[in-house]
Amino acid sequence: AVVGGGRCARRWTLAIRELLLFFPLTLAPSSRIETLTSSCRTMFRFAMIAGALSSAAAFAPMRAARMGAVRMMAVSQAFDATAGAKINHISEGAAVPSVTFKTRTRIESDAENPFDWKDVTTEDLFKGKRAVVFALPGAFTPTCSSTHLPGYERLYEDIKAQGIDEIYCLSVNDAFVMRKWGLDQGLTEDKTPGSLGFEKVKLLPDGACEFTRGMGMSCVWDTERGFGERSWRYAAVLNDMKVEKLFVEGPAIQNSGPDPFEVSDADTMLAYLKE
């Protein structure tokens with residue numbers, strides 16, 4: 001940076017030398033000296049400004065890298081600080097967040113992948129309806145695959161008979177992962193154009209974690225499992241965009257070692273709906 005500034009100053013020095021060579025000699029000596037002195041001062045200021053700008057430009061990449069490192073350190077420290085912290089989730093009676101889910105819907109096509117993207121909002125799913133949503137840490141994970149999803153699939157008709165319009169399984173995974181997981185679980189696929197994937201429990205991809213964050217259910221598993229940001233395990237009855245009933249596994253804490261599964265299961269949900 002200093003070298004760059006020095007080169008710039010030398011260029012201005014050469015310019016001043018040229019000025020001395022071609023400066024009008026017709027002026028009186030005193031006037032010529034006074035005018036020349038003023039011009040040199042102005043050019044010297046320009047030289048100093050140019051040198052400073054050159055130095056700033058040279059230091060900019062290093063400053064950006066240093067600030068980036070500081071930001072990364074702050075984020076890392078924030079993640080470390082959340083370990084064991086309580087998850088402050090939404091309360092019963094509160095309105096659910098208004099978000100858009102990026103889903104894949106079946107289309108009329110003979111292609112190998114007969115699907116297209118479809119934006120589905122929380123209003124599309126829950127406005128004027130009574131629905132059950134159960135959320136879990138991840139597709140293909142042990143408890144989610146062996147008990148949580150299979151339980152709701154098994155009791156699908158019984159739960160719907162209690163005045164429930166639809167049952168959704170939500171996870172912070174993308175639409176491709178959710179469909180593959182559903183197939184792996186043996187769920188019956190709904191091949192009707194425009195469908196949400198499966199005949200019974202509908203798998204809802206919250207890939208960007210927007211709904212999960214809005215529900216206050218975001219949980220970061222870093223040193224535990226290495227999942228990153230996912231959803232805490234819970235189940236809820238949503239009535240016209242509001243939380244009617246909430247079953248949250250406890251203790252609900254960040255980066256939890258245990259994976260509790262006591263109250264968000266299908267049997268507990270059905271018992272509540274029958275009360």
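1. A cavity, as the word is used here, is a set of grid points where a 1.4 Å probe fits but cannot get out. By this rule, and with a cut-off of 30 Å³ or more, the count for this structure comes to one cavity. Please keep in mind that this is a predicted model.

2. Now to the overall setting. The protein's secondary structure consists of eight helices and nine strands. Of its 275 residues, 39% are buried. Among contacts between residues at least 6 apart in sequence, 69% link residues at least 24 apart. The accessible surface is about 15000 Å², with 57% of that belonging to carbon and sulfur atoms.

3. Back to the cavity itself. The largest cavity holds about 170 Å³ of space, and 15 residues line it. Those that lie nearest its centre are R104, A175, L196, G197 and L203.

4. Which elements each supply at least two residues of this lining? They are β1 (100-106), α6 (175-184) and β5 (202-205). β5 gives the most, with four residues.

5. Sorted by class, the lining of the largest cavity has eight nonpolar residues, alongside three polar and four charged ones.

6. Finally, a word on β1, one of the elements that contribute to the lining. This strand is mostly covered, with five of its seven residues buried. β1 runs antiparallel to β2 (residues 115-121), and seven bridges join the two. Within this pairing, K102 stands opposite D119 in β2.

Key: Residues are numbered from 1 along each chain as its sequence is written. This is a predicted model: local features need pLDDT of at least 70, side-chain atom pairs count only at pLDDT 80 or more; totals for chains, interfaces and linings use all residues. Side-chain values use heavy atoms; hydrogens and water are left out. On a 1 Å grid over the protein atoms alone, a cavity is a set of points where a 1.4 Å probe fits but cannot get out, and a pocket is an open set with protein on both sides within 12 Å along at least five of seven lines; lining residues have an atom within 4 Å of a point. Grid points are joined across faces, edges and corners, and a volume is the space filled by probe spheres set on the points. Ala, Val, Leu, Ile, Met, Phe, Trp, Tyr, Cys and Pro count as nonpolar, Asp, Glu, Lys and Arg as charged, and the others, Gly among them, as polar. Buried means under 20% relative accessible area, exposed over 50%, partly exposed in between (1.4 Å probe, protein chains only). Two strands pair if DSSP finds at least two bridges between them. Contact means heavy atoms within 4.5 Å. Accessible areas come from the Shrake-Rupley method with a 1.4 Å probe; for residues, only the protein chains shown count as cover.
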